[in-house]
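Hello,

Have a look whenever you have a moment.

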Amino acid sequence: METIVFDIGETLVRDDRHWASWADWLGVPVHTVSALVGAAVVGGQNATDALALLRPGMDVAEAELAREAAGRGEHLGERDLYPDVRPALAGLRSLGFRVVVAGHRSARATEQLRALDLPADLVVSSAEWGVTKPDPEFYARVLKASDADPRTTVYVGDHPAEDLFPAKAAGLRTAHLRRGPFGHWWADHPDVVESADWRVDALTEVATLPGLVRERGAGDGGAGGGGAGPVREDPERPAERGATPTLRALRSVR
């Protein structure tokens, strides 16, 4: 492997302040928004569908523009980063990997993320390209911008339908991160287990993935080769929550 690409939301960045700002904008308690977002996650829906329940008929994109105009738009700072972000990214770069940050974020938030001077070779977002995940073009843009070969590239993310499945379809290797509501709830779904080359609980585990260093530059990138596989198993979790949605339902989470 040569390039490690990281999603942004709930991979590098905590989204609690994001949802708290929406609660403030809509004038509802934070726990109400959090509970509805959780319900959307469990139902295989878009997390922003929770906002439509609070304000039926609201155009979320227009509301985001209104928040920006009012000076209450998206904001990212050091306190929004998960504590393992800097050591994980720095560690990978020290091993000679190309480190890329690429996810769905506003142009303003992307500039704020760049201002944090993360140990990354490239920081890009969907807003700059006008294409969002899970559109295959997003992953094509990531590979082009980072001059990376999909066979020697790993995409690390929490969201099955926006990160794991489309990255896999684009020919990249994938590491599913058990973090955030989507990452935790869907971690042991059979489709996630089958699709992920690796599964991790922390970003610092990425540098120690089985076969990662040994495969650098090999170019074969075949799933399951070189000892690749889940680094964590928790077979009892699916039974705890009962029947799980199908792959088709998961793919509708956008």
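Let me begin with arginine 179, which is buried at a relative accessible area of 8% (buried means under 20% relative accessible area, exposed over 50%, partly exposed in between, with a 1.4 Å probe and protein chains only). Its side chain meets that of aspartate 84 in a salt bridge, 2.6 Å from N to O; the term stands for a side-chain nitrogen of Lys or Arg within 4 Å of a carboxyl oxygen of Asp or Glu. Aspartate 84 counts as buried too, at 10% relative accessibility. Arginine 179 sits in the loop between strand E5 (173-177) and helix H10 (180-185), and aspartate 84 in the loop between H4 and H5, so the pair ties together parts 95 residues apart in sequence. Helices (H or I, at least four residues) and strands (E, at least two) are DSSP runs numbered from the N terminus.

Salt bridges that share partners also join Asp7, Lys133 and Asp163 into one network.

A word on the basis: this is a predicted model, where local features need pLDDT of at least 70 and side-chain atom pairs count only at pLDDT 80 or more, while totals for chains, interfaces and linings use all residues. Residues are numbered from 1 along each chain as its sequence is written, and side-chain values use heavy atoms, with hydrogens and water left out.

Arginine 105 and glutamate 74 form another salt bridge (2.8 Å, N to O), and both residues are buried. In total, the rule gives 18 salt bridges.

Best wishes
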